[in-house]
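Let's take a friendly walk through this model, starting with a strand and its neighbours. Keep the viewer open as you read.

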Amino acid sequence: MRTVFYDEIVKKIKNEVININCKPSQHLLDLYEKGIHNETDGRSKNILCILKENSLIASEKMIPICQDTGTLVALVYLGKDIKLDKGFLLDAICQGVSEGYKDGYLRKSIVNNPIERINTNNNLPPVVHTFITNDDQLTIIIMAKGAGSENMSSLKMMAPSSGIDGIREFVIDTVRKAGPNPCPPISLGIGIGSNFEGVALLAKQALVKDLISDKLSYHNDYEILENEILDELNNLNIGPQGFGGKTGVFEVKILMEPCHIASLPVAVNINCHVLRHARIEF
Ligand code: SF4
């Protein structure tokens, strides 16, 4: 067994919660740059420049890139040969999240109950998904997920005969209906397969596909299909912030898993232009 320290988990989660909200990743800066280079619509090119500049100012001043600092989602890959020196893993994650939102002056966006709607004032609880792995590694992916894009996400239990054309139609319909609401340029995580609850989680994992490539159980190289769907979506002329142009979507990432013979579950999880993800190793 390998021992991981409770206090180290708290500290790293806290620091990364602040970092992802205030500092754009190199990947996001590259996406802005690519969009600025490729965009032919003058106004949309200008918007992309403003979005990039906004993220750089946030980084310099260590203030949030966006006021909606999101629900904190944690994907926990927990090796079977890991133990903590003290306490409970979920408590350590929650403490790190709470301290990060407090000390980073990040907006607390979670309410205690969907009907009562009293702010919990510490951004708790996070949404945590745990996957047991056959090793002595502990890897946690954190994501700050704003409501504007999460609200535009969609799930459909399709007939198996719908096939790839039906999947494309559903994805395009979801993005067209979302329009400017999820603060484009958006990124899409598309889950295909599993079952009702499994496909939603698959779509969430697809958003961070590049960060979890060593954790995936199935063959998941769908680059050609991803690029084809990306081109189709950018032909919708949604553009940055919905002002038109060909940079409405930054990325499309697909994950597939086996499913029932009578099912074809598909989920589309949308992320706004503020991609706030990090991989933390212990
Ligand atoms: S969708 Fe993203 S950019 Fe838009 S308000 Fe929410 S967090 Fe901010």
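## Terms and model

Helices (H or I, at least four residues) and strands (E, at least two) are DSSP runs, numbered from the N terminus, and two strands pair if DSSP finds at least two bridges between them. The model is predicted: local features need pLDDT of at least 70, side-chain atom pairs count only at pLDDT 80 or more, and totals for chains, interfaces and linings use all residues. Residues are numbered from 1 along each chain as its sequence is written.

## Strand E9 and its partners

Strand E7 (residues 186–194) runs antiparallel to E9, and six bridges join them; Gly189 has Asn269 as its bridge partner in E9. Strand E6 (residues 154–158) also pairs with E9 in the antiparallel sense, over five bridges. There, Lys156 is partnered by Val266 of E9.

A residue is buried if 20 or more other C-beta atoms lie within 10 Å of its own, with C-beta atoms placed from the backbone. Strand E9 (residues 264–271) is largely enclosed by the rest of the structure, because eight of its eight residues are buried. One side carries Leu264, Val266, Val268 and Ile270, the other Pro265, Ala267, Asn269 and Asn271.

## Helix H7

In helix H7 (residues 196–207), the buried residues include Val199, Leu202 and Ala206. The buried residues of H7 pack against E9, E6, E7, strand E2 (71–79) and strand E8 (249–259); contact here means C-beta atoms, placed from the backbone, within 7 Å.

Note on methods. A residue is buried if 20 or more other C-beta atoms lie within 10 Å of its own, exposed if 12 or fewer, and partly exposed in between; C-beta atoms are placed from the backbone. Two residues are in contact if their C-beta atoms, placed from the backbone, lie within 7 Å.
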